[in-house]
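Biologist: I've got a model open on my screen and I'd like to learn how to read it. Could you walk me through the main features, one by one?

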Amino acid sequence: MQTLTADILPQTIRQRPADSYKGTYGHIVLIGGNQNFGGAIIMASTAAVYAGAGLVTTLTDPSNQGSLHARLPEAMFADYHDSDLLTSLVQGANVVVIGPGLGTDATALGVLKRVFGLVTAQQTLVVDGSALTMVATHDLNFPDVPLVLTPHQMEWQRVSGVKIADQTEAANRTVVDQLKATVVLKSHHTQIYTANATYENPLGTPAQATGGMGDTLAGMVGGFIAQFKPTDQAVLAAVYSHSAIAEELAQTQYVVLPHQIATALPTFMKQHAAK
Ligand SMILES: NC(=O)C1=CN([C@@H]2O[C@H](COP(=O)(O)OP(=O)(O)OC[C@H]3O[C@@H](n4cnc5c(N)ncnc54)[C@H](OP(=O)(O)O)[C@@H]3O)[C@@H](O)[C@H]2O)[C@@H](O)CC1
Ligand SMILES: Nc1ncnc2c1ncn2[C@@H]1O[C@H](COP(=O)(O)OP(=O)(O)O)[C@@H](O)[C@H]1O
Ligand SMILES: [Mg+2]
């Protein structure tokens, strides 16, 4: 197990070329947020925008449209019930994030299956939250595309069948290799399993133990992948940045709110980009 260091930041976060435009920085589609969990997809979408993704579209329940645009006018909105629109938006994205606040009802399951059927090997799919839970409960196969999973320990138990108490590096590695995915196993010391290596994030604080903190990470992971190559390095840099910002805020705050991490991200990325 390798320990992540701040070296990952300048290795990953590049200076923006002058000759660029929004298309240079990726088009990410984020799918989630049912009538009860709209905040989750708004936090994820906010993190993707503040991470610098060029174009961000949020596919969610229509009850979330007003609050999405009030919080985040940079994001485009689409109703995830509209399957023609969902199809064209997913096909036009280079990164798709699915799961934050998606819920696990019949609508959510239908959206998940449709997206799994649409994504291609030219795209990266980030699967989080409720989407992971539905994969486990409905025994779905992940699509054979570049895949990043961001489970917390219980979601990983559901997906992998490995109980939380038994989630050793060796046990996790066996399942990761079968899934052919990069797995961000979130906990107070998050581990990242790539195809070739395993990393531990040394940063993080209990001030982060707030609902929405993982939704924010999922959006950051998507936003970094949309812009930075290779994908595994983008994932590592997103995980490290998320905790590093939280630690900075926790020096003066008892609790760190997820949206504050997104707000701090542009300044953090400027400070740590390649010189
Ligand atoms: N504002 C919003 O819209 C928000 C919406 N959200 C959305 O809600 C959806 C459901 O996601 P979820 O994570 O809240 O619920 P679920 O999948 O049932 O997991 C919880 C179960 O697992 C257990 N558990 C064990 N270890 C754990 C660990 N390390 N970390 C976490 N849990 C751990 C835990 O144990 P317990 O707390 O009971 O001890 C409990 O039994 C998802 O789509 C998400 O995006 C939330 O983000 C909140 C803000
Ligand atoms: N005690 C802690 N120390 C460090 N990080 C934590 C701690 N508790 C939670 N986190 C981080 O907060 C996030 C929680 O993710 P998750 O459970 O998916 O939240 P949610 O679904 O509510 O957004 C993860 O990134 C996890 O590493
Ligand atoms: Mg979560």
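**Reading the ligand shells and the sheet**

Modeller: Let's start with ligand 1: the residues of its shell split into 6 nonpolar, 12 polar and 2 charged. Here Ala, Val, Leu, Ile, Met, Phe, Trp, Tyr, Cys and Pro count as nonpolar, Asp, Glu, Lys and Arg as charged, and the others, Gly among them, as polar. Keep in mind that this is a predicted model, where local features need pLDDT of at least 70, side-chain atom pairs count only at pLDDT 80 or more, and totals for chains, interfaces and linings use all residues. Residues are numbered from 1 along each chain as its sequence is written, while chains are lettered from A and ligands numbered from 1 in the order in which they are written.

Biologist: Which residues come nearest to ligand 1?

Modeller: A residue is near a molecule if its C-beta atom, placed from the backbone, lies within 6 Å of it. Around ligand 1 there are 20 residues, and G39, G129, H152, M154 and G211 come nearest. Helices α2 (38–51), α6, α7 (153–160) and α9 (213–227) each supply at least two residues of that shell. Helices (H or I, at least four residues) and strands (E, at least two) are DSSP runs, numbered from the N terminus.

Biologist: And how many residues surround ligand 2?

Modeller: 17, with H188, G204, A209, M213 and G214 the closest. α9 gives the most to this shell, 4 residues. By class, the ligand 2 shell holds 4 nonpolar, 11 polar and 2 charged residues.

Biologist: Now the sheet. What is the order of the strands?

Modeller: Two strands count as paired if DSSP finds at least two bridges between them. Here, 10 strands form an open sheet in the order β1-β10-β9-β8-β7-β6-β5-β2-β3-β4, with mixed pairing. β1 (2–3) and β4 are the edge strands, each pairing on one side only.

Biologist: Is strand β3 buried or exposed?

Modeller: A residue is buried if 20 or more other C-beta atoms lie within 10 Å of its own, exposed if 12 or fewer, and partly exposed in between, with C-beta atoms placed from the backbone. In β3 (residues 55–60), 6 of the 6 residues are buried, so the strand is largely enclosed by the rest of the structure. L55, T57 and L59 point one way, V56, T58 and T60 the other.

Biologist: Which strands sit beside β3?

Modeller: β2 (residues 27–31) runs parallel to β3, joined by 5 bridges, and I28 has V56 as its bridge partner. From β2 the chain crosses through α2 to β3, a right-handed β-α-β crossover. Right-handed means that, with the strands pointing away from the viewer, the path from the first strand over the helix to the second runs clockwise. β3 also pairs in parallel with β4 (residues 76–79) over 4 bridges, where T58 stands opposite F77.

Biologist: What about β6 and β7?

Modeller: β6 (residues 124–128) and β7 (residues 147–150) run parallel, joined by 4 bridges. V127 has L149 as its bridge partner. The chain gets from β6 to β7 through helix α6 (residues 129–137), in a right-handed crossover. L149 also stands opposite V183 in β8, and β7 pairs with β8 (residues 182–185) in the parallel sense over 2 bridges.
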